[in-house]
Amino acid sequence: MTKYWRSLDELNNPVEFKQNEIKLELDAKRAVMKKASGSSRRDFLKTFGFSVAAAAVVASCKRPVDKAIPYLVKPEEVTPGMANYYASSYFEANEYCSVLVKVRDGRPIKIEGNDLSSVSQKGTSARVQASVLDLYDDARFKTPLKRGEATNWEEIDSYITKKLEQLNNDQKKVVLLTSSIISPTTKKVIASFQEKYPNVEWVKYDAVSASGILEANQQSFGTALIPDYRFERAKVIASFGADFLGTWLSSTEYTKGYAAGRRVLDKGDEMSRHYQFESGMTLTGSNADVRVPIKPSEEKTILTALYYQLMQAKGFMTIAAPDSPVDVKGLAEDLLANEGKSLVVSGSNDVNTQLIVNAINNLLGNYGSTILFDRPLNTHQAIDADFEKVISGLKNKEIAGVLCWGVNPVYNHPNGEEIKALISGAELSVSFSDRKDETTAACHWVCPAPHYLEAWNDAKPKKGVFSLSQPTISKLFDSRQVQETLLKWAGEEQPNYYEILKANWEENFSGLQSKYSDSRLFWNDTLQKGVFEAEPTAEVPVYSENGLENALQLGNSESQGWEIVLYQSVALKDGSSANNPWLQELPDPIAKISWDNFAAVPVKWAEENGVQNESVITINGIEMPVFVQPGQAPDTISVALGYGRETAGKVGDGIGKNMYALASIKNNAKQLWLSGADVKTTDKTYELALSQTHHSMEGRPIVRETNFDKWQLDPASGNEIRKEHLEHHVSLYPEQEFKGHHWAMAVDLGSCVGCGNCSISCQAENNVQVIGKEQVRNRRIMHWIRVDRYFSNDAENPDVYHQPVMCQHCDNAPCENVCPVSATPHSEEGLNQMAYNRCVGTKYCVNNCPYKVRRFNWFQYVQNPEFDYASNSDLGRMVLNPDVTVRSRGVVEKCSFCVQRIQEKKAEAKVAGRMLEDGEVQPACVQSCPANALVFGDLNDENSKINKLFKNERNYHLLEELHTLPSVGYLTKVRNKKA
Amino acid sequence: MREHFFWGGFMKKTQIFISLFAFVTCILLSTNLYADSSESVVTEGHSHEDVKRGERFFKGLLPFDREYSSCVSCHNLNRVDTLNWNPSAMDIAIKYVDKDFESFQASVMNPVGVKMEASHVNFDISEEDLKTVKIYLDNFAHTGVPPAKPTHYNLILFLFLGLLITWAVVELIFIRKIKLKFIPLIILLGAFGWQVKMIVTDAIKLGRQENYAPDQPIKFSHKVHAGENGIDCIYCHTTAEQSKSAGIPATNLCMNCHILIREGTNSGKFEIAKVVDAAENGHSIEWKRIHNLPDHVYFSHAVHVGSGKLDCMQCHGPVEEMDIMEQHSDLSMGWCVNCHRDTEVDFGNNGYYEHYVKLHEEMKSGAIDSVKAADIGANDCMRCHY
């Protein structure tokens, strides 16, 4: 049997690992005991408690008077106690997602996926889920600022308008520096602003851009665009360093497609094969069938070799292929066997590498089948070279003013310090940021924009795909939409962006559809649905080999010494949401580390140099804690960007190190790797908050797997042991009967990519508290659904498994019968219930749960200055879901299958006098899963999806040998390795 | 660490004293809460004598030879348990504190409205006197209603029982004067038992507010609205059938009727004027919430009223007879659970229950004749607690 292991310690020395783990646990317990200090205090508390209780009781203390304040005039659409959902669009850090915002009594409290969108297709990412907390961030600006002091809009408007006019008259250039803007109406507003001030130049700058792809396509196709990658259509996917499931371009969309192309449930289902060439272990690499660790400098060489091999195989070329550091014959064969059904992508920002990728895709006939041009992606528009010109313009005083909107180059540009000085030295420097950041700190004027949940906007994430954003709460602070600000400065008296938006849509977009003749109806319909799609225009640009020859001959990057790969972490991406405690506490999907970035080093090197997890090394002088990463390519180190913010707010400040300093500008593009780095070991150590070894599964067949070819022969392959277990199951107790519903969930391990969206979605829905680094280190992370990650086989290049684990709602639950106060009984619908008000905190259930999904509130995490994250201020607590109890110290909590949602839908059905439909009830994790890996439903419904999945031969239960009869089923992991 | 030092070995000895101290402190604190009195605030240009004189006049001590009833005989100064339809002194004080004397005078001397015209008759009050009344009331608006002194019968009894216990213990161990040992023993056990009983009954009542009937900012009578005028509950509590909360009517809903009805049979114009004022000037009416479930309880009106078709009165009592709204049921968990055990589900007529195939079969075969709410899981913890 395959040996699965969770960390290298466990792989190499299982006995010692176990002992160590027990020792750690004991240490933690002792530390707690020490604090408790014997029985005298308890005796004291007993007597003290009695006296106080007795006195309080007989003096009959009164409950405080609660007030009930009704609306003066109730808005028609608001029903107190019931939520409204408004369609909106998320676009931050170059990530687009169409969302539904749950608004309860005037407060947005949860983001859901919008199933009408063809882009995000009801999926979200952890970052989208967490964006609702950004709305209630203490670091947001409460008023406009002038050199750090509060000011008002009148002063700002009069000063800046004058200044802009003066600069215009002096013919001095002003740069409007924005991130990619996908809003067509905003573009119009900017155009009219430029009309008024011809000296204003609009420059786009993205922290992590797609310059390479854009410029390569400019050469190959004559237009700088990002085509529509259709992963669901590909039979062979080859990715060179593109983390398309985690952070690359439109990852939620790609995850949907990727999972759809690999879902095997019924006979005849097909599955794609995924090759990943990369240095560090990314989320995408962890899902690959074939993963090849390479150095970043080798990427172009390998692609060149692949290109030559394909050319040869097709008979277009007879020159011998150049040597490749890794063997790509297998890949070439697979690609050739699936011409027109394959997809090659690269995450490189180097135009020459991308030109070769284009050539390969063209050779394989992928354009028009897996790569389409009818809906190019708009989310990445910046060309890195443009911003470099701004820097030199500022340096030689050609540019006198900078207006920064949604950009933070002081933090995320390698020359941040220099840019800081240049911006603060400019005649006019304005930031439109809604919260603190490094660039805003350098600007003289801050004109805060509202959060996207407070604002009107539109979006055109792809050509022909439109969507709207609408306010879901009135502005919390004195902010003003940037569009209105710009128009105000352009001389409009009372600019109203909503009116402009509506007019623009009625004028320009209502003509794109034929359903509504009245443009107002069209507007209302789109606003309700959130999205609108025009017919795609089928203009296929012609491929030309422009620049290819040059790219192939340019020679390959010199490789010397250490190569450092900078990547965007799945949780924080480019670091713009660093002040979001939910994201900070979300463990990295591979390393399972939260609250820090770290240097992922290769296993072999670590062993040879005596480096372990938490050792500190220096990379070009920057001290970084080490995580020994199985699968890390030799001579490479991966470090996440997005950390090390200095002015992000109380949560994000000083978390990790800023690695943008190591990025470089090569070929006019920001390259996120460097070679020849100076790496030194030190004697220091640094504590990392690993959630990885929280939950020991004791080496049992927790993840069951099979290969596609074996599955085709026998769908139950890899799951043979289930039969055995089922035969052995006997019980003295009668089987429990569920008269109405029997709720259950299925997790398709073949589809789950491990992105962590479910954890954050659950956190938002169920008021799960953030506990901070120290407590995560103490193994007390509160997430109700965690994603366990296992490695198997070779430590140098392991197979990786992701397994979401939540309460299994066992019908023979071990936790239930050890509770001394019956706080956790079984419900008539198969739910393992948790009554907080009854729990006395013995933690017997926690100890008796074989799945370790129960969480104990060791502290009061709400309104406690010790845990100053989101729940310590009235503002932060506005995000709490009023339908879910906020747990206090001393009680156990766990996944409830989102019972509040079950109850809500049941109540709706009861009132309407109808049966519940299959799929009507969706827990938070299921609703927005970007891989559709989770399915929830009623087992008593013969025709339900869940019933079919539970009968699928891939289905098994965790630790089913214990006969706990879980209500959560797992479908075996299927990979598609070459036989 | 500091804790460590403090909880040293001397704990046991001091334990009893600390407990005693805590006990006494708690009692003192709880009484002190009520005892804070406010200083009188004399508005500018008026002396303390004016206030005093006004007070005497209001209370009917002045003038001696009046032929009309005193102000206080209709407008109560303190909180009263029974319903007084007339505006209280505080109500009047608040209404006129920001208004000039003339409007006050006009309203007292030349009332409009049936109720006031009938009661404010033969008023022979000099302007001087009336001015002092206004000064007194203005002052009253600032000082507020003197808080009701809490009664501590329970506490006194509890302490007395404690004394008895102490005496009995001392008698039994040290004095030993009484020959019949069982007398102090019985007293000891009896007193202690009584104390425990007091604590237990009071502890069970903690957080429960049966018969809670606070003074509302407006003397809104359910009896007048639901009883005498027969308005359906749902007319005002509009969301009871769809939402978890029944909904307290928005002020604009009140104005549906009160746009025309400006004078009540009982309260005259005064109370309705508050609603009109709130609606016109955009104040919120801050009702005192009567039915307060703890935060960890989820209760849905929709399920009980919309689907369960329960009568509102079943939980809220004879609302149509209540001038002052009060909490009828104790809203305890036992009360909920018992009702779930006894209440039959409308099994045949609601399509939702088609999910319960087996129970339907049993019904058909006659194995069971009805399905109670508890049979389909109404008493599961996570029906209400999540």
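Me: What makes up chain B in terms of helices and strands?
Reply: In this predicted model, chain B has 18 helices and 1 strand. Of its 386 residues, 23% count as buried.

Me: How do you know which parts of chain B the predictor trusts, and where is confidence lowest and highest?
Reply: Look at pLDDT, the predictor's confidence on a scale from 0 to 100. Helix H1 (residues 2–6) of chain B has the lowest confidence, with a mean of 42, while helix H16 (residues 333–342) of chain B has the highest, at 94. Over the chain, the mean pLDDT is 83, and 87% of residues reach 70 or more.

Me: Where does pLDDT stay under 50 in chain B?
Reply: One such stretch is residues 1–11 of chain B, with 7 contacts beyond four places in sequence. Another is residues 31–39 of chain B, with 5 such contacts. For the complex, the predictor gives an ipTM of 0.85 and a pTM of 0.89.

Me: Let's turn to chain A. Why is Gly740(A) called buried?
Reply: A residue is buried if 20 or more other C-beta atoms lie within 10 Å of its own. Gly740(A) has 22, so it counts as buried. You'll find Gly740(A) in the loop between helix H24 (720–728) and strand S34 (743–748) of chain A.

Me: Which residues is Gly740(A) in contact with, leaving aside neighbours within four places in sequence?
Reply: From chain A they are Glu828(A), Glu829(A) and Asn940(A). From chain B they are His355(B), Tyr356(B), Ile376(B) and Gly377(B). By contrast, the C-alpha atoms of Gly740(A) and Asp709(A), 31 residues apart along the chain, are separated by 40 Å.

Me: How do you know that the span of helix H5 (residues 153–169) of chain A agrees with what it should be?
Reply: Take 1.5 Å times one less than the number of residues. For the 17 residues of H5(A), that should give 24 Å, and the end C-alpha atoms are 24 Å apart, so the two agree.

Me: Why can we say that the buried residues of H5(A) line one face?
Reply: The buried residues are Ile156(A), Ile160(A), Leu164(A) and Leu167(A). Seen down the helix axis, the buried residues of H5(A) fall within an arc of 65 degrees, so they line one face.

Me: What do the two sides of H5(A) meet or carry?
Reply: The buried residues of H5(A) pack against several elements of chain A, including strand S8 (173–178), strand S16 (399–405) and helix H17 (482–489). The face turned away from the buried side carries the exposed residues Glu154(A), Glu155(A), Ser158(A), Lys162(A) and Asn169(A). Just after H5(A), Gln171(A) takes a positive phi of about 55 degrees.

Me: Is Asn94(A) buried or exposed, and how do you know?
Reply: The cut-off for buried is 20 or more other C-beta atoms within 10 Å. Asn94(A) has 27, so it is buried.

Conventions:
Residues numbered from 1 in each chain as written. Chains lettered and ligands numbered in written order. Predicted model: local features only at pLDDT ≥ 70, side-chain atom pairs only at ≥ 80, totals over all residues. Helix = DSSP H or I, 4+ residues; strand = E, 2+ residues; numbered from the N terminus. Buried ≥ 20, exposed ≤ 12 C-beta atoms within 10 Å, placed from the backbone. Arc of directions from axis to C-beta.
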